[in-house]
Amino acid sequence: MPVSAKEFKSWLDASSISTSPAALSALTGLNRGTLGNQLRRGNVAESTVVAVARAAGIGVLQALTAFDGYRDVLSRPVEPSAAEVLSQVHHADLMAELQFRTSKTHYPANSEATFHSLSSRTMVPTVPGWTPWIRETSDTAWPRNREWH
């Protein structure tokens with residue numbers, strides 16, 4: 001949701017930041033023409049506000065709350081719904097958890113194997129040395145007499 005150019009210029013003045021498109025371009029790395037067009041048309045993109053705030057060392061949320069459409073951002077944290085949380089979980093993690101919860105016999109509690117998360121996507125058993133585990137789980141022929149360095 002864009003903010004008005006008038007509010008943006010007022011915020012820049014209050015934050016002691018130049019309102020010149022050239023100065024803003026040098027500060028943020030955004031294209032000077034893009035900044036000039038946004039100011040001329042009267043609508044400044046929120047991404048521009050965020051870029052200026054970050055470049056000036058101002059907190060992004062603090063900067064956004066200076067504008068009408070974002071005044072209530074800090075006043076009402078909204079907890080995510082169960083569906084939103086679930087949408088952020090990788091399907092492999094869901095399947096591993098489902099298997100763990102429904103079949104405790106697959107993962108005996110007193111086993112010497114522990115579980116280690118690799119890149120938070122898969123659960124891979126780690127035992128003293130990877131080679132025995134790979135040999136047991138691999139469907140392909142494994143060079144059993146070769147030493148790995």
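1. Going from the N terminus, the elements of the protein follow the order β-α-α-α-β-α-α-α-α-β-β-α. That gives 8 helices and 4 strands. Helices (H or I, at least four residues) and strands (E, at least two) are DSSP runs, numbered from the N terminus.

2. Before going further, a word on where this comes from. This is a predicted model, where local features need pLDDT of at least 70 and side-chain atom pairs count only at pLDDT 80 or more, while totals for chains, interfaces and linings use all residues. Residues are numbered from 1 along each chain as its sequence is written, and side-chain values use heavy atoms, with hydrogens and water left out.

3. Now the overall numbers. Of the 149 residues in the protein, 19% are buried; buried means under 20% relative accessible area, exposed over 50%, and partly exposed in between (1.4 Å probe, protein chains only). The protein exposes about 10,800 Å², with carbon and sulfur atoms supplying 54% of it. Those areas come from the Shrake-Rupley method with a 1.4 Å probe, and for residues only the protein chains shown count as cover. Take the contacts (heavy atoms within 4.5 Å) between residues at least 6 apart in sequence: 42% of them join residues at least 24 apart.

4. Ser16 counts as exposed because its relative accessibility is 68%.

5. Next, the H2 and H4 pair. Two packed helices are described by the angle between their axes and the distance between the axes. Here H2 and H4 pack at an angle of about 65°, with their axes 9 Å apart. They are therefore roughly perpendicular to each other. On the residue side, Leu24, Leu27 and Thr28 of H2 make the contact with Ala51, Val52 and Ala55 of H4. For the terms: axes are lines fitted to C-alpha atoms, for helices over the stretch in contact, and angles run from 0 to 180 degrees between N-to-C directions. Angles under 35 degrees count as roughly parallel, over 145 as roughly antiparallel, 65 to 115 as roughly perpendicular and the rest as oblique.

6. Staying in H4 (residues 46-56), pick out Val49. Val49 counts as buried because its relative accessibility is 0%. Leaving aside residues up to four places away in sequence, Val49 touches Val3, Phe8, Trp11, Val44, Ala63, Leu64 and Phe67. The C-alpha atoms of Val49 and Leu12 are separated by 9.6 Å, with the two residues 37 apart along the chain.

7. Thr48 is also in helix H4. Is Thr48 buried or exposed? Thr48 is buried, since its relative accessible area is 3%. Again not counting residues up to four places away in sequence, Thr48 touches Phe8, Leu30, Leu35 and Gln38.
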